[in-house]
Amino acid sequence: YLDLPIVKPPTDETLFRPSQRLSGNPILRTDQLLKQNQRAALVGILGMGKTTTLRYLTWVYARRPENRLYWRRRELVPFYARIRDLAQLWTPAERMEGPERFVGALAGAVSAQLKGVLGRQNVARVLQHALERDNALILLDALDEFQASEAERLEFVTALQSLWNTPPFRDNHILLTSRPYHFLNPLGFGQYALQNLEEDAERLVSRLGWAVLRIRHELEPERAIDSRLRQLKAAICTPRLQGFWSPLYITLMVYLGTGARSTEEGIALLSNIHRLADLFRYFLKKTVEWEKFKGNDLGVDDDRGVAALGYIAYHAFVVPAGASAAQQIAEVTGLTREEFMGVRQFWLRTGLLCEDELRSILAFQLSGFQAFGVALALADMWRRSERSKVKEFRDRHEWDPEWDLIWELFTGLV
């Protein structure tokens with residue numbers, strides 16, 4: 001793990017872009033922001049490492065490794081949950097019924113992340129015990145993925161703030177994450193901002209690239225792996241790709257550069273990345289190849305399999321269709337229902353998709369791939385002469401920052 005660049009802005013600077021560096025006091029290690037502020041919000045655009053940071057803190061405080069000397073490492077007990085799950089269980093009506101409702105709701109959201117390893121009642125007991133001893137670390141991820149109005153999000157954060165002013169919560173730590181345009185008012189949460197990697201990009205490529213290359217070329221001497229790594233760094237850490245120097249995009253590029261049959265082929269693939277859509281498109285193409293090698297086959301041609309993923313994203317984010325989504329996607333992509341269900345299982349096995357059991361829907365593990373999927377569906381509509389529908393979406397969402405990435409990816413596809 002590489003500690004990501006975080007700053008504490010001197011003012012509430014929240015509307016920023018990847019190229020904009022914020023002024024402020026740098027946070028050298030992630031646990032420092034916990035030490036500085038009991039109630040904190042970590043803000044950053046897509047791919048900056050918000051979820052990675054929370055998952056890493058969960059790992060550090062759950063496993064307590066000896067080589068990670070983090071603040072209160074042997075005391076804090078982490079509870080990681082998605083805000084969309086918590087909001088589903090901690091309804092506005094339940095927020096009026098006392099703090100015990102929050103404990104039960106958070107336990108359910110945490111248990112959903114644990115996939116049945118620890119049931120809701122057991123999580124609730126551990127959580128209550130930690131809260132009473134002031135050593136609970138509540139890690140709430142992705143306020144921006146809570147699909148609700150701004151007023152509903154504001155009410156949710158306000159309820160959290162009020163709750164943390166009462167016992168047993170007020171002496172425990174809470175850290176939430178969001179993209180900046182869904183967290184414009186800190187409401188008592190100390191606000192911190194993730195920055196683009198810039199000078200840390202080469203360090204991340206070195207660490208991740210070395211780890212991946214050692215696994216994929218375990219029989220090679222270190223000198224040969226060093227040579228591969230130098231070529232990989234030269235291909236990624238070039239000014240041409242500086243706009244892609246975020247943790248997510250660097251991770252995708254490392255896997256693309258190291259996952260080809262030869263170093264030369266991987267470097268050639270990276271040299272063909274000119275737009276953000278290229279990066280996602282090549283990664284999905286390679287994912288299909290890697291999965292086939294493992295015996296996980298789409299069962300249909302690759303183009304229709306990828307198109308189906310696009311329409312899954314479309315029905316998850318743009319036009320929820322519930323139980324009828326499967327039939328609609330099958331029809332528009334020219335698949336039988338049985339073929340679509342096979343494609344659905346393929347993408348679930350890759351880990352890009354997951355079953356959201358609380359809402360009984362398919363969800364994307366990474367919102368960047370959901371955005372690319374929506375862009376794929378819109379590009380397909382554009383080619384199918386459904387341009388009026390795409391233009392209608394453009395007119396409706398042109399000034400919605402949640403759609404900025406979708407339109408950037410769409411432009412790279414048409």
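This note covers the pockets, a surface patch and the salt bridges of a predicted model.

1. Basis. Local features need pLDDT of at least 70 and side-chain atom pairs count only at pLDDT 80 or more, whereas totals for chains, interfaces and linings use all residues. Residues are numbered from 1 along each chain as its sequence is written, and side-chain values use heavy atoms, with hydrogens and water left out.

2. Largest pocket. Its volume is about 980 Å³. A pocket here is an open set of points on a 1 Å grid over the protein atoms alone, where a 1.4 Å probe fits, with protein on both sides within 12 Å along at least five of seven lines; lining residues have an atom within 4 Å of a point. The volume is the space filled by probe spheres set on the points, which are joined across faces, edges and corners. Of the 45 lining residues, Q147, A316, R359, I361 and L362 lie nearest the centre. The lining has 24 nonpolar, 8 polar and 13 charged residues (Ala, Val, Leu, Ile, Met, Phe, Trp, Tyr, Cys and Pro count as nonpolar, Asp, Glu, Lys and Arg as charged, the others as polar).

3. Second largest pocket. This one has a volume of about 650 Å³ and 28 lining residues, with G49, T51, T52, P247 and L366 nearest its centre. Helix α2 gives the largest share of this lining, 4 residues (helices are DSSP runs of H or I, at least four residues; strands are runs of E, at least two). By class, the lining divides into 11 nonpolar, 9 polar and 8 charged residues.

4. Salt bridges. The count is 23, taking a side-chain nitrogen of Lys or Arg within 4 Å of a carboxyl oxygen of Asp or Glu. R82, R84, D141 and E145 are linked in a network of such bridges.

5. R281 and D278. The closest N and O atoms of this salt bridge are 2.8 Å apart. Both residues belong to helix α11 (residues 276-293), and being 3 residues apart they are separated by about one helical turn. D278 is buried at 3% relative accessible area, while R281 is partly exposed at 35% (buried means under 20%, exposed over 50%, partly exposed in between, with a 1.4 Å probe and protein chains only).

6. E355 and R344. These side chains form a salt bridge at 3.0 Å, N to O. The pair joins strand β8 (residues 353-356), which holds E355, to helix α14 (residues 337-350), which holds R344. E355 is partly exposed at 34%; R344 is buried at 16%.
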